[in-house]
Structures are given as structure tokens and as C-alpha cells.
Amino acid sequence: MSPINRTPGTQPTRRGGRWERYRVAHPFSAQDQAGLWGLILGVVALAVLLGWALDMKGGVVIVAAVPFIITWFEKRRTAFQFDAAGARFGHVLLPWTDVTQFVVATPPNDQHALIGARLRPGATLPAGAVGPSRNPAMPAPIHVAVPRTKFDLAKMVRKARKYAPPHIEIVVADPSGERAAGQGPPHAG
């Protein structure tokens, strides 16, 4: 039996056979659906070709490919995620040692919430990391826009308290200032 992970964020946490994480996905689009079906059809065609050319069971290829298809599709749709590896903003993965705060902003009259990260002094974004253009509502150097309907700040705070390293703070930024997530009215700062 494995020991219980008592210090959040110090090592990967498993529950029910899955690694614990917090994830917000982009809405399912026609382009996503086309990519998924194209990949599935490609794998089936490869299975048929290998079955014919190598007298091999095509089902083996399909079964072997399924985890890769699921992983590819999940990565493609992930807007923001944090787990044992760190925090992922689109395709950019930041290690926990570089992140000091998550910043959440919900610009008025916008259908998106912004989730960003402040980095420790001296930390830089990974080489080749390209994020969205600067948004005046987001004070952090890297951020993603997620649909408000898919974002749950209370759930993010609960998961971060339980599974993220203890040094990670979550702040809410709005025009009147910043406040710790889950606290009362904002204060200037």
C-alpha cells in the first residue's frame, strides 16, 4: 500500500486511477470534431493496411493507438490545467517552481474569464512560448481566455489548496484592485 500524500503539490496524487488535476477545456468545435474523426479514420486505415500487408491483427493497432488519440485530443482542447507536472496555459507548460500566483480576471461584458500566472523573480517563459496578446484586464505575463460557462473559481481554489504546492496563491483582479480568491471585496494593490 502506498503512503498518503500529506503535503500538497510535493508529488503526483492519484485518486480513482487518475492523476488529480484541475482542467478547463475549450468548447468542442467543428474543427476538433473533424480532427478527431480524421485521426480515427487514419488509424483504422493503418490497421487495415497492416492487417493486409503483414497479416497482422488490425485490432492491435487500433487498441495501441487509442491512448495516443485520447491524449492528443485532450491536449488540443485544454485551455488551462494544473497537475503534478505544473501549470499548462494552452500549449505552454510552466513548472511549479516558476509559478507564484494564479491571477483570475473576468472583464465586464465578456464571455471569457482570463486565467494567468505570475512568475517568480528571474523566471522566464519557455523558449518559443507564444501566448495571446496582452489584455488590459490581465496583469500577469501569461494567460489564457476560457469560456465563463466552463470556469469555476471555487473549484479551482479547492483543487489548488488540495493538490498544488503550498506557495501558490490565487488572486482575483478587477478594475478596483486585487484580492485573494474566496475573500471579500477587493483592495487596491
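1. A word on what you're looking at. This is a predicted model, with local features needing pLDDT of at least 70 and side-chain atom pairs counting only at pLDDT 80 or more, while totals for chains, interfaces and linings use all residues. Residues are numbered from 1 along each chain as its sequence is written, and side-chain values use heavy atoms, with hydrogens and water left out.

2. The overall layout: three helices and eleven strands, running β-β-β-α-α-β-β-β-β-β-β-α-β-β from the N terminus. Helices (H or I, at least four residues) and strands (E, at least two) are DSSP runs, numbered from the N terminus. Of the 189 residues, 35% are buried (under 20% relative accessible area; exposed is over 50%, partly exposed in between, with a 1.4 Å probe and protein chains only). Looking at contacts (heavy atoms within 4.5 Å) with a separation of 6 or more, 60% are between residues 24 or more positions apart.

3. Helix H3 (residues 153-163) is worth a look. Met156, Val157, Lys159, Ala160 and Tyr163 are buried there. Seen down the axis of H3, these buried residues fall within an arc of 170°, so they line one face of the helix (the arc is that of the directions from the helix axis to the C-beta atoms). Arg158 and Arg161, on the other side of H3, are exposed.

4. Now the salt bridges (a side-chain nitrogen of Lys or Arg within 4 Å of a carboxyl oxygen of Asp or Glu): the structure holds two. In one, Asp98 pairs with Arg120, the closest N and O atoms being 3.1 Å apart. Asp98 sits in the loop between strands S6 and S7 and Arg120 in the loop between S8 and S9, so the pair ties together parts 22 residues apart in sequence. Asp98 is buried at 12% relative accessibility, whereas Arg120 is partly exposed at 35%.

5. Glu178 and Arg118 form a salt bridge too, with the closest N and O atoms 2.5 Å apart. Glu178 belongs to strand S11 and Arg118 to strand S8, so this pair ties together parts 60 residues apart in sequence. Glu178 is buried, at 16% relative accessible area.

6. Last, Pro136, in the loop between strands S8 and S9. Pro136 is exposed, with a relative accessible area of 84%.
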